[in-house]
2 protein chains.
Amino acid sequence: MDNQGVLIVISGFAGAGKGTVVKRLLEQYDNYAVSVSATTRRPREGEQEGVSYFFKTVEEFEQLIKEEKFIEYARYVDNYYGTPKAFVQEMRDAGRDVILEIEVQGALHVKEQYPDAVLIFVTPPDSQELENRLRGRGTEDEATIAKRMARAYEESFLMKNYDYIVINDKVERCADCIHRIVSSAHASSHENKSFMEKMQNQLEHYAKGAK
Amino acid sequence: MDNQGVLIVISGFAGAGKGTVVKRLLEQYDNYAVSVSATTRRPREGEQEGVSYFFKTVEEFEQLIKEEKFIEYARYVDNYYGTPKAFVQEMRDAGRDVILEIEVQGALHVKEQYPDAVLIFVTPPDSQELENRLRGRGTEDEATIAKRMARAYEESFLMKNYDYIVINDKVERCADCIHRIVSSAHASSHENKSFMEKMQNQLEHYAKGAK
């Protein structure tokens, strides 16, 4: 097994419970790290530089875009959000499996640049459960819920671009499933190139001996 | 999760311990079934039709080839060996994860026809261990061992065509790793097409409601 960590992209419908599942993974296993995004929005109370976000000015952020320092970035409302390449690479080099929790468009950009990234889509078992969870939050009005459900419909057509679909019926089960996927990814042949080379080199003299 | 079983191809160097690992999988878990090959070689004592092999005459076998009834077949020495399509499909339809234990060329043919098949290459941790295991069998003379090691060298160049490389250092660990891979394969998006369609259908009326 080569030593680099796996790049994991987790997306899902708003209300699917991604955040809780990622929290569970971090609590249960010690191989994960979560990518910290860069943003131009102002820090909220209690948010820490390098933990919650890397806070940047618009000028700084646009300079980083020019220098291709982001794996992916997007602009929401008036703020930029991006995934810094260097931060992710450092963690992978240290052997950590790095989780990016990003939306669908960003996820597909990541896959273009990193074909070995493991794309996981987290979904509730059905649409009724999705609606229940959004409503259960108690923070969104009816119009917002309707908008989120309509957006879920659009996103449902992009699920097929993900490598894995994980149904979040129970958080523990969903986290375990993701952990099995990541652990399997370490056995994938593209993660074992140096092992294959080692075997070839070791076996070479037997080939000569047999001739 | 759709209900069809996964098609699993297990190959590996002679001496890698594939047989022991497959035996362990069958003992530990109840989701697996092993494909039974058809062959034109004569039954040996104790071999049972439909358990050890499906025994065929050369005429029968060649007729089945013509009718494209094999997933893959090959001729060794003077005998044909093949994997019957119908048998494998029946077991997958019944929800069993079907293991084909076949050699490298056959495995690559399977992948061409069944791109969703999961190809797993089982290997000892290094070439010395491979040689030790071949020698430990006590059944092969030096010339045969040398030939097997030379063949392993050739096969080592085809490992990269497999989806997964699983190192068989301990049988239990190797079997667990394969089981995680198969269990993850059930979460792959191509195994969840009907779930994705269900979600799209359910979400459609929310899209209309929001307009």
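**Briefing: strands, a loop residue and a chain contact**

Strand β1 (residues 7-12) of chain B runs parallel to β8(B), and five bridges join the two. This is a predicted model, where local features need pLDDT of at least 70, side-chain atom pairs count only at pLDDT 80 or more, and totals for chains, interfaces and linings use all residues. Residues are numbered from 1 along each chain as its sequence is written, while chains are lettered from A and ligands numbered from 1 in the order in which they are written.

**Strand β8 of chain B**

- Helices (H or I, at least four residues) and strands (E, at least two) are DSSP runs, numbered from the N terminus.
- Two strands pair if DSSP finds at least two bridges between them.
- β8 of chain B spans residues 118-123, and six of its six residues are buried.
- Buried means that 20 or more other C-beta atoms lie within 10 Å of the residue's own; exposed means 12 or fewer, partly exposed is in between, and C-beta atoms are placed from the backbone.
- Both faces of β8(B) are covered. One side has B:V118, B:I120 and B:V122. The other has B:L119, B:F121 and B:T123.

**Where chain B touches chain A**

- 38 residues of chain B are in contact with 38 residues of chain A.
- The elements of chain B that give two or more residues to this side are α6 (142-156), β9 (164-167), α7 (171-185) and α8 (193-210).
- α8(B) gives the most, with 11 residues.
- By class, this side of chain B has 21 nonpolar, 11 polar and six charged residues.
- Contact means C-beta atoms, placed from the backbone, within 7 Å.
- Ala, Val, Leu, Ile, Met, Phe, Trp, Tyr, Cys and Pro count as nonpolar; Asp, Glu, Lys and Arg as charged; the others, Gly among them, as polar.

**Chain A overall**

- Chain A has eight helices and nine strands.
- Its C-alpha atoms fill a box of roughly 75 × 45 × 30 Å along the principal axes.
- Of the 211 residues in chain A, 38% are buried.
- Among chain A contacts between residues at least 6 apart in sequence, 69% join residues at least 24 apart.

**A positive phi in a loop**

- A:E68 is not a glycine, yet its phi is positive, near 55°.
- A:E68 lies in the loop between α2 (58-66) and β5 (70-76) of chain A.
- A:E68 is exposed, because it has 8 other C-beta atoms within 10 Å.

Key:
Contact = placed C-beta atoms within 7 Å.
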